[in-house]
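Thank you all for coming; I would like to take a few minutes to go through one structure with you. Please have a look at it first, and then I will begin with the way its chains meet.

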There are 2 protein chains.
Amino acid sequence: MAPPPPAPPSVTLRTVLLLLRVLTAAFLLITVVLISTNTVTLEISSTSIKLPFNDVYAYRYMLSAAVIGLVYAVVQLFLTISQFATGKTHPLTYQFDFYGDKVISYLLATGSAAGFGVSKDLKDTYIALIEFDSTDPVDKFFSKGYASASLLLFAFVSLAVLSVFSSLALSKRPVPVS
Amino acid sequence: MAPPPPAPPSVTLRTVLLLLRVLTAAFLLITVVLISTNTVTLEISSTSIKLPFNDVYAYRYMLSAAVIGLVYAVVQLFLTISQFATGKTHPLTYQFDFYGDKVISYLLATGSAAGFGVSKDLKDTYIALIEFDSTDPVDKFFSKGYASASLLLFAFVSLAVLSVFSSLALSKRPVPVS
């Protein structure tokens with residue numbers, strides 16, 4: 001006699017997971033807006049020099065990680081809401097969640113780390129080597145860099161938690177009786 | 001009648017996993033040596049200035065990630081070899097592998113990303129802002145930085161693959177009959 005199929009996840013757990021999906025998407029959306037609008041004008045001996053975010057390669061990587069993560073988070077949101085609505089789970093959902101959450105969480109983690117790493121070292125170097133008329137624009141530029149890296153870190157933490165659940169769900173998925 | 005216990009992993013798979021454990025430890029050992037010995041002397045208008053790796057915060061983070069990862073990799077190596085020798089697997093091994101591989105692989109990924117990010121942007125800034133008598137020492141410093149970040153990336157990839165297997169193993173672990 002075949003063992004009884006594992007009990008489906010409780011409504012509370014599914015609501016928590018849905019909330020984490022929403023949080024991940026929200027953090028990533030704000031990150032994308034924050035990075036892409038991060039441009040300052042530096043004044044050096046009365047000369048104005050524009051410093052857009054994409055002059056810093058690590059910020060470019062951070063933006064691409066956030067955009068790819070956002071697309072994945074939105075797709076996952078639709079899938080999760082449709083599962084809620086229909087009560088049906090496609091058999092491939094378990095693998096998609098497992099590998100998707102894992103790969104994208106690595107992407108977000110590395111984006112955040114690159115952002116933090118460069119913000120700290122590059123700001124120290126700019127301040128040490130350049131005679132700014134005022135350091136305010138530089139402070140503003142790198143504060144936005146830190147803020148984006150922090151939001152990306154929060155998005156990563158939510159997705160890493162989801163990744164634990166999607167790994168555990170893999171072990172509890174109903175195995176189709178062949 | 002209780003379902004038959006899942007078949008233990010094949011010898012080939014266990015050998016591949018052991019090899020990945022050895023590879024991870026080897027990559028991390030070389031990374032630690034490479035980063036910690038990365039110090040150059042810069043010549044600027046005939047003045048010598050020492051640049052040790054720990055002047056760059058992201059390289060400090062890279063070193064700590066590699067050291068923590070190396071300790072974990074060595075512990076895992078001992079556990080894996082003892083399982084091979086005794087043929088016994090402690091019931092907590094599955095959870096230890098699952099959470100250990102996941103957390104440490106995130107650590108290695110972020111260490112590598114911080115290392116790559118800062119190497120690119122900081123080198124460009126140094127070259128643009130400082131009149132070096134010769135750029136050779138700077139090239140050497142950041143090439144070692146890139147090399148360390150690359151080795152950390154290889155260590156991350158091996159551990160990420162192991163993390164997939166330890167997640168899948170969780171779903172196939174023999175559940176103790178209470």
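Between them, chain B and chain A bury about 2,500 Å², of which 74% is on carbon and sulfur atoms, where buried area is the accessible area (1.4 Å probe) that two parts lose on being put together, summed over both. This is a predicted model, in which local features need pLDDT of at least 70 and side-chain atom pairs count only at pLDDT 80 or more, whereas totals for chains, interfaces and linings use all residues. Residues are numbered from 1 along each chain as its sequence is written, chains are lettered from A in the order in which they are written, and side-chain values use heavy atoms, with hydrogens and water left out.

The contact, meaning heavy atoms within 4.5 Å, takes 33 residues from chain B and 33 residues from chain A. Because 100% of the interface residues of chain B are also interface residues in chain A, the copies meet through the same surface.

How many salt bridges are there between chain B and chain A? The count is 0, a salt bridge being a side-chain nitrogen of Lys or Arg within 4 Å of a carboxyl oxygen of Asp or Glu.

As for the arrangement, chain B can be laid on chain A with an RMSD of 0.0 Å by a turn of 180 degrees and a shift of 0.0 Å along the axis, superposed by least squares on the C-alpha atoms of residues with pLDDT of at least 70 in both. That is the relation of a two-fold axis.
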